[in-house]
Amino acid sequence: MELLAFSNIALWVLVLVELGIILALTRQIGILFERVTPVGAMISDSGPDIGAKVPSLALTALDGAALTLGGSADRAQLVFFLSTTCPICKALIPALRSIRRDEAGWLDVVLASDGRPDPHRRMIEKEGLQDFPYVLSAELGQTFKVAKLPFAVLIGADDTIVSKGLINSREQLESLFTAKESGIPTLQAAMQQAAAQA
Amino acid sequence: MDSLVAHGVVAATVLVVVILARAAWHKTSQFLPSVGFAQDYGVLPEALVPTALRLLALAEAASVLLLLLPATRQIGGLAAAGLFLGYGLLMALALSRGKTRIDCGCGGAPQIVSGATVARNAVLAAVALAIAAAPLQVVGPWGAALGILAGLMLTLLYTIAETLISHARFIRRQT
């Protein structure tokens, strides 16, 4: 009987310790998942390539001001494609605002969309986007083959596409600038470079 | 045999109490995120959601108290079963409307509402119903201690299952 009690207690201890270990392992799996999730913007293959010249388009902003794609010699442009019905686009507006403020020395942020102007005017008012140039142009979206939103294109001062991609988070938005600063356009290119050096 | 049932009831009660207490705690300590999660379900008009959440947190806390007192344990079991079934139905409703990317807001690890969370709620409702259906019996101090230990073990197992469910969102994203 004593042996039975001993083995029972020993097994209880074992089960509880093992459950603790399994719980710790499952949590660590979650942490690993979060670490390996790619944080760079997803580059789509369609549309003009990175490094290609931007096709010159004369656009008119919603408030009537004229706007050219690229075209200014010393300033870069971030064209951010959004829509009135996309919640992630709205979630990124604070990030866009802070980027516009922090990078004001060299970067213009342009918002782009298409469709009828009224819903966009309402969103501009609701979200306080009056400071941003806001362009409605189906042609612009087609030029960059924007299929999914939010999508952003960073155009360098030399009118070439520095980086572009599907943007779901502030990190991905910032990765476009990392691409400009490091001169490495994509995560894939960085990995190839690392492989070439090894 | 009867005492086996009584000890099982203690274990099950510990599990249900921990889950409900955590849900109530989650709703009150992270009130605004919870309101967001609940609004994602899109069942109630958005203006009513904060009040509804407060009431639900109260109902959860009340069920916990009812479950802990031996005299009201069976009513507490019924209340808990009602809550689990209600939440399960809400999730099924959201899923049937095509909302496959919303957070369940259940407390604990973040989980996307899916078939797994609906099934989980069905199991929990069954456990709570079993508590309500079991006859009232007195367990001795050792029996109670063992029952609580077994309940903690169940809670650990439940937490593991929940963590695994919460990983599903990563796995889906990469396929």
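Is Asp108(A) buried, partly exposed or exposed? At 29% relative accessibility, Asp108(A) counts as partly exposed. The legends below describe close-up views of a predicted model.

**Figure 1. Asp108(A) pairs with Arg75(A) in a salt bridge.** The closest N and O atoms of the two residues are 2.9 Å apart. Arg75(A) is partly exposed, with a relative accessible area of 25%. Side chains of opposite charge can pair when their charged atoms come close.

**Figure 2. Gln77(A) sits in strand β3 of chain A.** This strand covers residues 76-81. Gln77(A) has a relative accessibility of 8% and counts as buried because the cut-off for that class is under 20%. Beyond its neighbours within four places in sequence, Gln77(A) is in contact with Thr68(A), Leu69(A), Gly70(A), Leu107(A), Asp108(A), Val110(A), Val153(A), Leu154(A) and Ile155(A). Val110(A) is 33 residues away from Gln77(A) along the chain, and the C-alpha atoms of the two are separated by 7.0 Å.

**Figure 3. Arg101(A) and Asp102(A) form a salt bridge.** Their closest N and O atoms are 3.9 Å apart. Arg101(A) is exposed, at a relative accessible area of 59%. Asp102(A) also counts as exposed, at 54%.

**Figure 4. Glu162(B) and Arg22(B) form a salt bridge in chain B.** The closest N and O atoms of this pair are 2.8 Å apart. Glu162(B) belongs to helix α6 (residues 141-173) and Arg22(B) to helix α1 (residues 2-29), so that distant parts of chain B, 140 residues apart, are linked. Glu162(B) is buried, with a relative accessible area of 1%, while Arg22(B) is partly exposed at 24%. A network of salt bridges links Arg22(B), Arg120(B) and Glu162(B). Over all chains, a search of the whole structure finds five salt bridges.

**Figure 5. Cys104(B) and Cys106(B) form a disulfide.** The two sulfur atoms are 1.5 Å apart. A disulfide is a covalent bond between the sulfur atoms of two cysteines. Cys104(B) counts as buried at 6% relative accessibility, and Cys106(B) counts as buried at 16%. The structure holds one disulfide over all chains.

**Figure 6. Chain A meets chain B at an interface.** Here 15 residues of chain A are in contact with 16 residues of chain B. About 1400 Å² is buried between the two chains, and carbon and sulfur atoms give 82% of that area. Trp12(A), Leu19(A) and Phe33(A) supply 41% of the area that chain A buries against chain B, more than any other three residues. Across this interface the rule finds zero salt bridges and two residue pairs in polar contact.

**Figure 7. Chain A has seven helices and seven strands.** Along the sequence they follow the pattern α-β-β-β-α-α-β-α-β-α-β-β-α-α. Of the 198 residues in chain A, 36% are buried. Among contacts between residues at least 6 apart in sequence, 67% join residues at least 24 apart. Chain A exposes about 11500 Å², and carbon and sulfur atoms supply 58% of this area.

Definitions and conventions:
Residues numbered from 1 in each chain as written. Chains lettered and ligands numbered in written order. Predicted model: local features only at pLDDT ≥ 70, side-chain atom pairs only at ≥ 80, totals over all residues. Heavy atoms only, no water. Helix = DSSP H or I, 4+ residues; strand = E, 2+ residues; numbered from the N terminus. Buried < 20%, exposed > 50% of the residue type's maximum accessible area, 1.4 Å probe, protein only. Contact = heavy atoms within 4.5 Å. Areas by Shrake-Rupley, 256 points an atom, 1.4 Å probe, with all protein chains shown as cover. Disulfide = S-S within 2.5 Å. Buried area = accessible area lost by both parts, 1.4 Å probe. Salt bridge = Lys/Arg side-chain N within 4 Å of Asp/Glu carboxyl O. Polar contact = N/O pair within 3.5 Å; in protein donor to acceptor, adjacent residues only side chain to side chain.
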